[in-house]
Structure formats: C-alpha cells, structure tokens
Amino acid sequence: MLMASAVVVWEWLNEHGRWRPYSPAVSHHIEAVIRANPRGGSVVLGQVDSKLSPYIIDLQSMHQFRQDTGTLRPVRRSFYDPTSAPGKGVVWEWENDSGSWTPYDMEICITIQAARDRQQPWLDLTPIGFCYIIDFTSMSQINRQTQRRRRIQRRLDLTYPLVTGALPKSQSWPAGAGAANSSVTSASSTGINSLSTSIVAAASAPPPGQPCNCQQCMLVMSVKATAAAAAAAASSTLSPQNRKGKQAAPPPATVTRSPPNTKSGSPGAKPSQISVNSATSSSAPVLSSAGVASPRVTVSSASTGTIARSSLANLSRPTLQRIAMAQSRALIASGVPTVPVKNLNGSSPVHPALAGITGILMSAAGLPVCLTRPPKLVLHPPPVSKSDIKPIPGIGNSCRKTTKKQARKGKTPEEVVRKYLQKVRNPPEEDCTICMEPLASPSGYKSAQGQPPVKPDLVGKLTKCGHIYHLHCLVAMYNNGNKDGSLQCPTCKTIYGVKTGTQPPGKMEYHIIPHSLPGHPDCRTIRIIYNIPPGIQGPEHPNPGKPFTARGFPRHCYLPDSEKGRKVLKLLLVAWDRRLIFTIGTSSTTGESDTVIWNEVHHKTEFGSNLTGHGFPDPNYLDNVLAELTAQGITEESLRD
C-alpha cells in the first residue's frame with residue numbers, strides 16, 4: 001500500500017491516441033457514481049454536462065459509448081499530485097480555429113503550470129513530443145515550424161476530486177473484478193510527480209474457500225482441472241504395476257523463485273523469475289501487460305503438456321492465469337479444434353457463470369477450451385488511401401451541397417391546395433378527419449392572419465386518393481407545414497407535388513472503397529459521408545432564431561456497390577437535394593432537443609458488424625430503405641425528373 005494523497009482525473013482516448021481529460025465537474029460526477037455503486041455500472045454524462053448528453057461510460061469495460069453513433073472509446077482513471085494544476089483547479093487552454101477554447105492534455109497542462117510557477121518567460125514543449133513554444137509574456141502558443149501563433153489562456157475551475165489515505169499499488173476496478181497498475185513517475189523537466197493509474201482486467205485472489213466467477217478465475221480453474229486430469233493419467237502410467245520394462249520416473253518437479261534485484265536504479269534489474277523444473281526443460285511464452293514487468297514463467301516437464309499437481313498448487317494465481325492464456329493461444333495457433341465458451345462478459349441471456357462452468361467441465365473431460373469475448377463493434381473499414389477511393393460509375397461528381405431554403409414566391413396557400421382538389425358540391429355525411437366536424441358543416445379552423453379568407457363550408461376531394469376534407473382545413477394544414485408547394489394526405493400519406501424537408505445546410509460525399517460488407521462478399525462498398533455543422537434555426541424549423549447542435553458528424557454510412565445499392569444511392573441523392581435525409585428535432589436516443597436527427601430514412605452506420613442493428617448483414621435493408629424513400633415521394637420516376 002502506498003500512503004499518499006492524489007487528485008483523480010478521468011480521461012478518454014481520442015482518435016489521435018491522446019488521453020483527453022474530462023472536466024472537474026464530470027470527474028466529480030463519475031466518482032460519486034462509483035461511491036454509490038462500488039461494483040460498477042454506467043455513468044450518464046449528460047446529467048452533469050448537457051453537451052455530453054449522447055455519452056455514457058460503462059465502468060465494467062472502461063469505455064465511453066456514444067448512443068447516437070455507437071462510437072466506443074477507452075477511458076481511464078488517473079491520479080495526479082495534489083499540488084499540480086488539476087489539484088489547484090488550473091486549466092490551460094488554446095484557441096482553436098472556430099474561436100473557442102480547447103483544454104490541453106493533462107500532462108501538458110501540468111508542465112505549463114509548473115513552468116509558470118517557476119516564473120519562466122517561455123516553455124519549449126519539444127522534449128515531451130510537441131513542436132510548440134509557450135510564450136507566457138504574450139500568452140501565446142508558437143508553432144516552431146510554421147511560426148503560427150495561437151492565443152492561450154489560464155482559467156480557474158473546480159479542483160479535481162481528492163483521494164487521501166492508503167492508495168493500493170494494485171487497485172481493483174470494478175470492486176473485486178479488476179486491478180489497476182499504478183506507477184509513480186517523476187517528470188524531471190517539471191519537478192512534478194504524477195501518479196498514473198491504468199485500469200486493466202486482472203483480479204486479486206479471493207479469500208480461501210470463496211471462489212468467484214470472474215473471467216480470470218474461470219481460466220485458473222480450467223487450468224487446474226486440466227492439470228489434475230493430466231496428473232492423474234501420469235500417476236496411473238507410472239504406478240508400480242506399470243513400471244516393468246519402462247524408464248524410471250523423472251524426479252518430482254520443483255518450484256524455485258530467484259530473488260529480485262533490489263537496486264532500484266540498476267539497469268540490470270529484472271522481475272522475479274519462477275521456474276518449474278524437472279528432467280527436461282521447455283520454456284513457455286512470457287505474457288505481460290504493456291509497461292508492467294511480469295514474472296517470467298518457465299514450465300518444464302518430462303512429457304509435453306504434463307504438469308504435476310503439487311507444482312500447480314504452489315504457483316501464484318497470476319502465474320496460473322498466464323499459463324491458461326498461453327495454453328489457449330497455443331491451441332489456437334496449432335490448429336487444434338477448440339470449443340468457444342462465450343458470454344464471460346454477460347452479453348447474452350446465458351449467465352456468465354454458466355459459461356464458465358461449461359468451460360471447467362469441458363476442460364476436466366480433456367476437451368480443449370477456447371475462451372472468447374463477445375464480438376466487437378466495427379464502425380469503420382480499414383484505412384483507405386486516396387488512390388484506392390474511386391468515383392461511382394454513372395453518377396457525376398462525388399459531392400453534393402445544400403444551402404439555406406429559398407423563400408418560394410407566387411402562389412398563395414389556397415391556390416396550392418386547390419391545384420390538388422376537385423370541388424364536392426354535396427358532401428357525404430361523415431366527419432372531416434382534420435377538424436373532426438361534419439363535412440356538411442363549416443370548418444372548425446379560422447383563417448390565418450395575413451391570408452385571404454376562405455369560405456369555411458367549401459369541401460374538396462384529393463384527386464389521387466379520393467379523400468375528402470374542408471378546403472379551409474387543408475389550407476390550415478398547409479400553413480403549418482413546410483409551405484413548399486406540396487401537400488400530403490393526412491389519411492393515406494399520398495404526396496401531391498414535390499415534397500421537400502427542413503434539412504439544415506451541409507455536404508454529402510460518396511465514393512467507392514475497396515472493401516466488402518458482411519453479406520456482400522462479391523462487391524465493393526459505397527461509402528457516404530454526411531457533414532452538417534451546427535447553426536441557427538430558420539423560419540421552417542421548430543424554434544426559429546435559436547441555435548441547433550449537430551452531434552456525431554461527419555457520419556459515415558455504407559451501401560453495397562451492387563446494382564440495387566447504386567439505385568438506392570441515386571434516390572438518396574434526390575432525398576438530399578430535397579432536404580429529406582435529416583431534420584431538426586429531439587433525439588430519440590439522448591433526449592436532446594434542437595439537434596440534427598435522422599428523418600425516417602434509415603442508414604447503415606456499422607461497416608463490419610451488426611451489433612446495434614445499423615450494420616450488415618441485413619438481407620432486407622435495401623428493400624426497406626426503398627420503401628422508406630417511396631413514403632417520402634422519391635421513386636424511380638424522381639430520377640427522370
């Protein structure tokens with residue numbers, strides 16, 4: 001145990017491999033959730049910061065999950081010196097191209113604050129891997145190569161949560177199910193000690209007589225069961241009745257532990273070594289976590305694959321885990337048929353303990369067991385070079401842009417509606433389904449302000465579908481819509497004219513990449529990239545003049561490069577031009593209002609999996625999306641217009 005005080009900073013890993021800190025308020029919120037539920041669970045970040053409403057942290061897997069796009073990113077819990085920047089509530093930020101402020105990574109923030117505390121006039125960040133100079137006099141960041149300057153600022157915020165007392169060198173998370181590798185490193189350039197904790201999956205041993213059902217215990221127990229069966233077989237082979245005419249049994253296996261080098265600064269310092277020796281020796285692979293010294297395990301035996309039961313009983317639990325993993329990997333590498341035992345992380349209705357027990361029984365029966373994890377979410381294809389990106393034959397250009405809606409001039413709402421109606425002189429004895437008044441009676445709606453009055457008793461029949469309404473009711477419905485010159489029957493949804501939507505300005509790119517989608521191995525893939533920036537709502541939107549957000553852009557979507565896939569793309573281009581792909585409203589996944597959302601035309605956003613239902617294989621997807629486009633008034637006839 002390490003007696004210390006530290007501040008806790010929660011961080012997430014971005015696409016550039018940099019750990020980005022959450023704000024102090026978010027870190028306090030996560031710590032509060034942990035205190036309330038030490039066994040782990042999920043943290044809804046939108047409860048403390050509305051800008052993070054799409055995000056949830058899964059404390060079991062230590063990943064941040066974005067609900068609207070399905071993006072997963074690792075997170076970690078780090079400890080820093082209470083006298084450093086996060087312990088003082090100091091945040092250093094740089095001004096980005098949009099004019100807003102972006103906080104530095106925590107290590108850089110600590111380095112900058114330490115240099116300021118030493119009253120240095122400037123700081124060179126090259127030693128820590130960044131080609132910038134911080135000028136404290138002008139409060140600017142200077143690119144050493146381009147000489148470009150950006151403003152920086154020092155801001156005071158909440159201090160990060162403080163933990164005091166005994167900090168374990170190997171801390172479990174979630175409680176009793178995982179361990180944290182902690183190391184204290186000294187930054188010589190800044191004079192600041194930071195205690196970094198990386199959360200990894202390695203459990204501490206339970207008390208004697210209290211086995212747990214975690215993944216590591218299952219591995220250990222599987223190895224012990226296999227070893228016990230092998231030892232019993234070996235004992236039977238070497239019994240006195242079977243020794244005639246056979247070689248003498250090898251000497252019993254022994255366990256030796258070499259003392260570790262206690263000189264902390266010695267370059268020759270090695271981790272403790274554990275060896276299991278007998279007549280002949282063969283080395284097992286050394287398994288270690290990145291950056292963590294692991295005991296080296298040498299397993300020796302007179303006959304390959306046989307380990308004495310007494311030897312295993314003396315091995316530590318982490319060593320048994322490594323042997324189990326090596327055994328599993330060796331089986332896979334050698335091509336031995338393996339039976340997968342899934343759901344150790346609880347991803348299906350089968351209880352994880354049941355999956356583990358199955359593995360133990362199979363191992364005891366001499367069957368090879370391969371412990372596997374649930375399939376991973378594959379949102380994007382492998383990296384593609386620009387030379388491999390090809391245009392789509394038969395479709396000109398590779399990009400479409402939309403701009404703000406242009407106001408339509410000319411016909412009044414009554415003129416638009418009358419264009420699609422036939423006058424009914426003797427209305428039937430039924431109700432108008434818009435105002436719920438009898439068709440023979442006047443409409444229940446009043447004329448809109450600024451519009452010429454319409455006789456409330458006029459009744460008309462829509463020419464295509466034949467449904468009958470008050471003319472006044474249809475004009476009122478048109479005035480409450482997009483006012484684009486089209487009309488949609490409220491009963492059967494038949495569209496009259498060309499329907500357009502309220503999609504904000506943006507860009508749609510499309511091209512072919514040289515990879516195949518699951519279920520479509522014989523063709524390449526069409527990739528569509530939508531990009532819509534945040535902005536201000538127009539008169540056609542729910543709250544004109546109010547800002548709207550655009551979460552998760554650019555959004556990548558995929559189609560098979562088949563004949564039907566290209567047909568769907570052409571119709572999607574029509575839908576984009578008519579501003580029907582997206583709209584502004586309330587997100588059904590996050591509950592956020594005034595944000596860009598999909599508009600009833602489903603897209604596939606998973607490239608190599610279908611865990612969320614938005615991926616492949618999906619044999620009915622192309623037919624379903626064609627039906628959805630037809631409901632928006634987009635058919636093959638639209639391509640000829």
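Is Arg555 buried or exposed? Arg555 is buried, with a relative accessible area of 7%; buried means under 20% relative accessible area, exposed over 50%, and partly exposed in between, using a 1.4 Å probe and protein chains only.

## Basis of the model

This is a predicted model, in which local features need pLDDT of at least 70 and side-chain atom pairs count only at pLDDT 80 or more, while totals for chains, interfaces and linings use all residues. Residues are numbered from 1 along each chain as its sequence is written, and side-chain values use heavy atoms, with hydrogens and water left out.

## Chain overview

The protein chain has 641 residues, of which 40% count as buried. Its secondary structure comes to 12 helices and 34 strands; these are DSSP runs numbered from the N terminus, with helices (H or I) of at least four residues and strands (E) of at least two.

Among contacts in the protein chain with a separation of 6 or more, 59% are between residues 24 or more positions apart. A contact here means heavy atoms within 4.5 Å.

## Arg555 and its surroundings

Arg555 belongs to strand E32, residues 555–560. Leaving aside neighbours within four places in sequence, Arg555 is in contact with Asp68, Ile528, Ile529, Tyr530, Phe582, Val596 and Trp598. A polar atom of the Arg555 side chain lies 2.8 Å from the backbone oxygen of Arg551.

## Cis peptide bonds

The loop between strand E31 (547–548) and E32 holds Pro554. The peptide bond from Phe553 to Pro554 is cis, with omega near 0°.

A cis peptide bond also joins Phe616 and Pro617, with omega about 5°. Pro617 is in the loop between strand E34 (595–598) and helix H11 (621–631).

## Positive phi values

Most residues other than glycine have a negative phi, and most peptide bonds are trans. Arg579, which is not a glycine, has a positive phi near 65°. Arg579 sits in the loop between helix H10 (563–577) and strand E33 (582–585), and counts as buried at 9% relative accessibility.

Asp594 is not a glycine either, and has a positive phi of about 55°. The loop between E33 and E34 contains Asp594, which counts as buried at 8% relative accessibility.

Conventions
Polar contact = N/O pair within 3.5 Å; in protein donor to acceptor, adjacent residues only side chain to side chain.
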